Amino acid sequence: MQHKILVVEDEADVIDMLSINLRAAGFNVVTVSDGAAALARIRSEAPSLIILDLMLPQMSGLEICKVLKSDIATRHIPVIMLTAKAEEVDKIVGLELGADDYVTKPFSPRELVLRVNRSLRRGKDKVPSVEKLVIGQLTLDHARHEVLVKNQLVELTATEFKLLALLMDRRGRVQGRDRLLNDVWGYESVIDTRTVDTHVRRLREKLGSLASYIETVRGVGYRIGDGEPG
Ligand code: CA
């Protein structure tokens with residue numbers, strides 16, 4: 001299988017250099033030059049790896065990385081950050097935010113291809129869906145695709161499962177309706193934000209005695225709390 005690499009970079013000569021060398025190494029290459037385009041393409045292209053420049057217009061590489069690593073749909077995709085010499089500190093911050101590796105500019109194409117192959121190999125050893133989320137008496141098991149309420153199995157639709165997984169994964173943080181709509185139903189979605197409310201209502205019904213775990217934050221959206229529900 002030919003791996004697809006998404007390159008997020010705004011400098012034309014670096015894009016050319018990366019594209020030529022990655023294609024020569026047998027990769028399928030997609031390039032974008034800003035954060036918004038990057039986030040949209042990551043969803044539509046499902047790349048095997050992302051090469052992300054730190055200094056980009058509008059949204060920085062760090063911000064993009066943070067979004068990717070906080071989303072269960074994209075967090076498994078390895079990210080290699082491109083940084084400039086003067087950005088030592090940012091480099092470390094980048095790794096804390098979940099970048100898998102970094103390369104300092106100027107870099108040799110050979111070195112970069114080596115890093116790409118290494119990250120892809122490492123990614124293959126990772127089993128992305130063994131993750132089990134437990135909050136109070138609510139358990140969500142990605143590997144088994146199961147939800148347990150007080151140890152009782154609950155049947156959820158694929159959308160309800162995804163919605164619950166996002167809320168549990170981002171516990172303690174309010175998720176706006178628009179954000180949920182984007183992350184659960186996808187960027188291209190034309191459906192109304194009231195759809196989110198409908199699904200949350202059904203999800204609560206299925207959670208039964210744990211329904212209150214999903215809190216409504218008036219005018220904003222929904223949240224699952226950190227500890228015991230109120
Ligand atoms: Ca740049």
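Along the chain, the donors of the calcium ion follow the spacing D-E-x41-D-x1-M, where donors are N, O and S atoms within 2.8 Å of the metal (3.2 Å for Na, K and Ca) and water is not among the atoms, so sites may look incomplete. The model is predicted, and local features need pLDDT of at least 70, side-chain atom pairs count only at pLDDT 80 or more, and totals for chains, interfaces and linings use all residues. Residues are numbered from 1 along each chain as its sequence is written, and side-chain values use heavy atoms, with hydrogens and water left out.

The calcium ion is coordinated at 2.1 to 2.9 Å by Asp10 (OD), Glu11 (OE), Asp53 (OD) and Met55 (O). Asp53 is buried, with a relative accessible area of 2%, whereas Met55 counts as exposed at 51% relative accessibility; buried means under 20% relative accessible area, exposed over 50% and partly exposed in between, with a 1.4 Å probe and protein chains only. Buried residues make up 45% of the 230 residues in the protein.

The protein has 8 helices and 12 strands, taken as DSSP runs (H or I, at least four residues, for helices; E, at least two, for strands) numbered from the N terminus. The axes of helix α6 (residues 158-169) and helix α8 (residues 194-207), lines fitted to C-alpha atoms over the stretch in contact, with angles running from 0 to 180 degrees between N-to-C directions, come within 10 Å and cross at roughly 85°. That makes α6 roughly perpendicular to α8, a class covering 65 to 115 degrees.

How values were computed. Angles under 35 degrees count as roughly parallel, over 145 as roughly antiparallel, 65 to 115 as roughly perpendicular and the rest as oblique.
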